[in-house]
Amino acid sequence: FWNRVNELARQNLPKATYDYFIAPAKLISVSGNKAKILINSDMHKDFLKRQTDLFNTASLEVYGDVLTIKILSDADMSDADRKEMNRSIETRTETPDNFSETILEPVRTNLQKKYSFDNFVAGDQNRMTLAAALTITDSPGDLYNPLFIFGNSGLGKTHLLHAIGNEFLKKHPRSRLIYVSSEAFVTDYVNASRKKQMDSFVEKYRNLDLLLLDDVQFFSDKEGTKNEFFQTFNALHEKGAQIVLTSDRPPSELNNLEERLVSRFSWGLTTNITIPDFETRMAILMNKAEKTGLNFPDETISYIASQINSNVRELEGALNQVEFLAKMEKNSTVEISTAEKAIENLRSSNSHSRKNNLNITKIKDEVSKYFHLPVADLSGPKRIKEIAYARQVAMFLIRDLLATSLPAIGQEFGKRDHTTVMYAVRVITDKLKNDNETQRDVDNLKRKLEG
Ligand code: ADP
Ligand code: MG
């Protein structure tokens with residue numbers, strides 16, 4: 001359980017937040033349906049108390065039910081607690097392997113309650129998607145089937161999938177639905193076929209009224225899986241069940257999936273979510289700022305919105321950082337100067353963690369994996385387009401993330417001249433201004449490398 005909490009927190013929280021709040025927390029014990037956690041300051045305590053989704057998700061996954069979480073500081077601990085902590089054992093055993101059988105009926109939806117339509121801020125860049133998403137909850141399987149939502153990372157795709165699911169369940173309480181990432185779908189399939197439990201897999205996915213499948217760009221290109229998904233899609237579509245898919249790219253660019261599947265994605269409606277404009281960023285920040293209990297003057301909100309214009313996830317991360325600093329400085333009103341300092345901290349801690357963990361080999365490995373190329377090709381002589389592009393991206397990332405000198409980068413790529421490196425960096429820098437595909441590639445790779 002505790003491992004899972006940490007994993008989820010690492011995936012879902014900004015790194016600085018994780019390092020500060022979660023990493024120092026310790027599990028005292030899990031026994032019965034109670035978990036006790038030790039943390040050493042009141043501010044930490046407040047923060048942890050608000051992470052109910054995190055604890056609920058982890059305990060549901062591991063134990064199949066929700067634990068009551070008690071957060072203690074050193075002073076709150078009794079002798080018994082101390083003893084328990086020294087043994088530091090989760091006395092409750094994890095759910096045995098037949099877990100999946102017990103949860104098949106009723107379906108485990110995987111929905112996260114915190115993502116709703118109420119807390120999704122509308123803007124020009126998501127209005128059409130939002131309208132389609134809402135329509136689906138009223139008339140599923142009808143107008144927009146499937147609904148295919150694409151857009152870069154951090155723009156609210158996962159949020160919307162959960163919002164659709166939660167709203168759907170409200171309007172159709174007896175319906176069966178599942179939220180699942182493509183990776184989890186693949187894992188589920190692989191496990192089922194290995195354990196010879198294909199029946200329960202088929203029963204689980206083909207009897208749905210609503211399938212919410214996240215990040216289809218991560219769908220494995222293994223034949224068996226793809227075929228199973230194709231069958232699932234057809235079975236659901238045929239009986240009028242609603243399907244919603246998300247991806248970081250349009251269907252036409254899903255190279256790992258076959259034509260016959262991709263063409264089905266365009267049967268319904270395809271919508272694109274893009275980076276929110278300044279006003280929408282302000283609205284998103286105001287919405288979230290309200291929940292901090294602090295007073296955020298408009299200038300401060302506007303300052304943050306002007307500084308962070310990449311995606312909503314980073315916007316949230318920045319706001320968290322500002323909230324944190326304001327609370328540490330015991331300010332109830334958050335001045336611009338605090339926001340400035342917080343964002344500065346965030347930037348320097350990002351570049352710090354990059355420098356600590358990254359090196360040229362890691363960047364090359366990640367780039368070659370991402371483009372499905374042998375790593376040797378990056379440094380080799382081949383000039384075919386795909387390889388040349390991947391090589392340019394790798395050079396760009398090394399320059400950008402590690403600030404390595406041009407001649408040194410050239411050396412690393414089969415003793416190429418520094419002018420070649422300079423050219424590569426310039427090409428990618430230019431493309432980043434107006435080429436969606438390059439923006440996405442660089443964005444994805446940076447996230448992989450920094451995460
Ligand atoms: P994606 O799945 O597209 O990578 P997420 O759905 O995980 O993005 O969104 C990242 C974070 O930003 C989430 O915490 C989400 O709640 C928030 N978010 C994204 N878009 C909006 C929006 N329009 N209004 C409010 N919060 C948003
Ligand atoms: Mg997502």
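**Figure 1. The largest nonpolar core of the predicted model.** The largest nonpolar core holds 64 residues, and those with the most contacts inside it are Ile 164, Leu 211, Leu 212, Leu 285 and Ile 304. A nonpolar core is here a set of buried Ala, Val, Leu, Ile, Met, Phe, Trp, Tyr and Cys residues joined through C-beta atoms within 7 Å, where buried denotes 20 or more other C-beta atoms within 10 Å of a residue's own, exposed 12 or fewer, and partly exposed a count in between, with C-beta atoms placed from the backbone. Helix α15 gives the largest share of this core, six residues, and at least three residues come from each of domain 2 (127–272) and domain 3 (278–357), the domain bounds being taken from an automatic or database domain assignment. In soluble globular proteins, nonpolar side chains tend to be buried together. The model is predicted, so that local features need pLDDT of at least 70 and side-chain atom pairs count only at pLDDT 80 or more, whereas totals for chains, interfaces and linings use all residues. Residues are numbered from 1 along each chain as its sequence is written, while chains are lettered from A and ligands numbered from 1 in the order in which they are written.

Figure 2. Leaving aside neighbours within four places in sequence, Leu 285 is in contact (C-beta atoms, placed from the backbone, within 7 Å) with Ile 301, Ile 304, Ala 305, Leu 315 and Leu 319.

**Figure 3. The shell around ligand 1.** Ligand 1 is surrounded by 16 residues, the closest being Gly 156, Lys 157, Thr 158, His 159 and Val 312; a residue is near the ligand if its C-beta atom, placed from the backbone, lies within 6 Å of it. At least two residues of the shell are supplied by each of α8 (157–171) and α15 (312–328), helices being DSSP runs (H or I, at least four residues), as are strands (E, at least two), numbered from the N terminus. By class, the shell has six nonpolar, seven polar and three charged residues, with Ala, Val, Leu, Ile, Met, Phe, Trp, Tyr, Cys and Pro counted as nonpolar, Asp, Glu, Lys and Arg as charged, and the others, Gly among them, as polar. Because domain 2 (127–272) and domain 3 (278–357) both give residues to this shell, ligand 1 lies between them.

Figure 4. The "binding site" annotation of an unreviewed UniProt entry covers Gly 154, Gly 156, Lys 157 and Thr 158; positions follow the numbering used here, feature names are shortened, and annotations may be inferred rather than shown by experiment. Gly 154, in the loop between β4 (147–150) and α8, is partly exposed, with 19 other C-beta atoms within 10 Å, and touches Asn 311, Val 312, Arg 313 and Glu 314, not counting residues up to four places away in sequence. Lys 157, in helix α8, counts as buried with 22 C-beta neighbours inside 10 Å, and beyond four places in sequence Lys 157 is in contact with Ile 149, Gly 151, Thr 246 and Ile 273.

**Figure 5. Thr 280 in helix α13.** Thr 280 is found in helix α13 (residues 278–290) and is buried, with 20 other C-beta atoms within 10 Å. Leaving aside neighbours within four places in sequence, Thr 280 is in contact with Val 121, Gly 123 and Gln 125.

Note on methods: Two residues are in contact if their C-beta atoms, placed from the backbone, lie within 7 Å.
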